[in-house]
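Open the model in your viewer and keep the sequence panel beside it. The stops below can be selected one after another.

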Amino acid sequence: MCADTSTTAYWDAAAADFDNEPDHGLRDPAVREAWAARLWGWLPGRAGDVLDLGCGTGSLALLAAERGHRVTGVDRSPRMVELARAKLAGTGATVLVGDAAEPPVGEGSFDVVLVRHLLWMLPDRQAVLRRWCRLLRPGGRLVLIEGRWGESDPVGLPAAELSALVGPLTERLSVEQLGPDAALWGRAVRDERYALVADLAPARRHAEIVDVHLILRRGDEVLLARRANTGYADGLLHAPSGHVEDGEDVRTAMLRETAEEIGLTLGPDEVRAVLVLQHKAPTGAARTGWFFEAELGEGGRQPVNREPEKCSELGWFPLDALPDDMVAYCRAGLEAYRAGHRFALHWHEPDDPIAYAPEGPDRLTPL
């Protein structure tokens, strides 16, 4: 390995003879078979999208394509890219001219990022690795083939150092020593050569909080409560609401919260589900809210503030002229209800206010 490898001109000049190295051109059937066996063990068994960064003349990319993978190669050298395109002709692979540290591809688009004998030459390796991880889908895989070449004045990246860089970014990793396998190199070698295979965490299933909201009607008016001392949206108006507890269905939770917050004991037949709203605050995770409608009869039970430590007042407000000082997603839910929508989203962006903003963006999306 030559340490002076920082320019495109260097690799353009090296392209013509690049495949003369046994592990570059894979011209020897035994060497090719050895690399194919290793590579196919590192790649997923099912066909996927593989990004080969610093692909050179495309020898490893060709092995992946022959296994049925959809391959994209990237190399900074136009001459290398020209040779790789010729080698991969007819496979459906794409080869792009670009910087492997800043590849011209979309994030979250690949199942595997494959890189051979490249990372050791790049500055700010931690930043590069983070960038490569962002190119992967959840559960995607990094396959990094590296080494430390030479004995008297070695260059490269030891496996222990690379493991320390990759470990915090991935869920699990393994290191496979390649130096002892002379078939990979066409000769015996004594320096450190290895493959590090690391998997990102898979996509997690939704584990959203489910909350319930009461639209208590008194003719054309709706009951709202002003939040206090909760640490979230204090001072703003909100419908009587709460979280579904473990083991509860949403209707049972609504009846419980109604009794706890405003002192009304309602029967199951007195509430009706009218809207499901998935919502997300400016910070934090998404939630799924169920809105139930109930009608307050004349001369009967009246709501009372049963939680004065969390609620500073109760009040009735016209449904068609809701106040501005409301929690934004609750107001959006009431507006969706008034419009007759049954399913909707209200998805805050990080800079949005928690409170309803009359001049702000409308985040309500009926489904």
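**Cysteines**

Start by selecting cysteine 133, which is buried at a relative accessible area of 10%; buried means under 20% relative accessible area, exposed over 50%, and partly exposed in between, with a 1.4 Å probe and protein chains only. The structure holds zero disulfides, a disulfide being a pair of cysteine sulfur atoms within 2.5 Å. Cysteine 330 is accordingly in no disulfide, and the nearest cysteine sulfur, that of cysteine 311, is 13 Å away. Cysteine 330 counts as buried, with 0% relative accessibility.

This is a predicted model, in which local features need pLDDT of at least 70 and side-chain atom pairs count only at pLDDT 80 or more, while totals for chains, interfaces and linings use all residues. Residues are numbered from 1 along each chain as its sequence is written, and side-chain values use heavy atoms, with hydrogens and water left out.

**Helix 4**

Select residues 59-66, which form helix 4. Helices (H or I, at least four residues) and strands (E, at least two) are DSSP runs, numbered from the N terminus. How many of the eight residues of helix 4 are buried? Seven are, so the helix is mostly covered: Ser59, Leu60, Ala61, Leu62, Leu63, Ala64 and Ala65. After helix 4 comes glycine 68, with a positive phi near 100 degrees.

**The loop from strand 4 to helix 6**

Move to the loop between strand 4 (110-116) and helix 6, where histidine 117 lies. Histidine 117 is not a glycine, yet has a positive phi of about 55 degrees. Aspartate 124 is in the loop between strand 4 and helix 6 too, and its phi, near 50 degrees, is a positive value in a residue other than glycine. Which of these residues is buried, and which exposed? Histidine 117 counts as buried at 9% relative accessibility, whereas aspartate 124 is exposed at 53% relative accessible area.

**Helix 6 and helix 7**

Now show helix 6 (residues 125-134) together with helix 7 (residues 159-166): their axes come within 10 Å and cross at roughly 55 degrees. Axes are lines fitted to C-alpha atoms, for helices over the stretch in contact, and angles run from 0 to 180 degrees between N-to-C directions. Helix 6 is therefore oblique to helix 7; angles under 35 degrees count as roughly parallel, over 145 as roughly antiparallel, 65 to 115 as roughly perpendicular and the rest as oblique. For the side chains, select Arg125, Gln126 and Leu129 in helix 6, which meet Glu161, Leu162, Leu165 and Val166 in helix 7 (contact means heavy atoms within 4.5 Å).

**Strand 8 and its partners**

Select strand 8 (residues 192-199), a mostly covered strand with seven of its eight residues buried. Strand 5 (residues 136-149) runs antiparallel to strand 8 and is joined to it by eight bridges; two strands pair if DSSP finds at least two bridges between them. Valine 143 has valine 197 in strand 8 as its bridge partner. Strand 7 (residues 172-177) is also antiparallel to strand 8, with six bridges, and here valine 175 stands opposite leucine 196.

**Strand 13 between two pairings**

Finish with strand 13 (residues 272-280), which pairs with strand 14 (residues 286-295) in the antiparallel sense over eight bridges.
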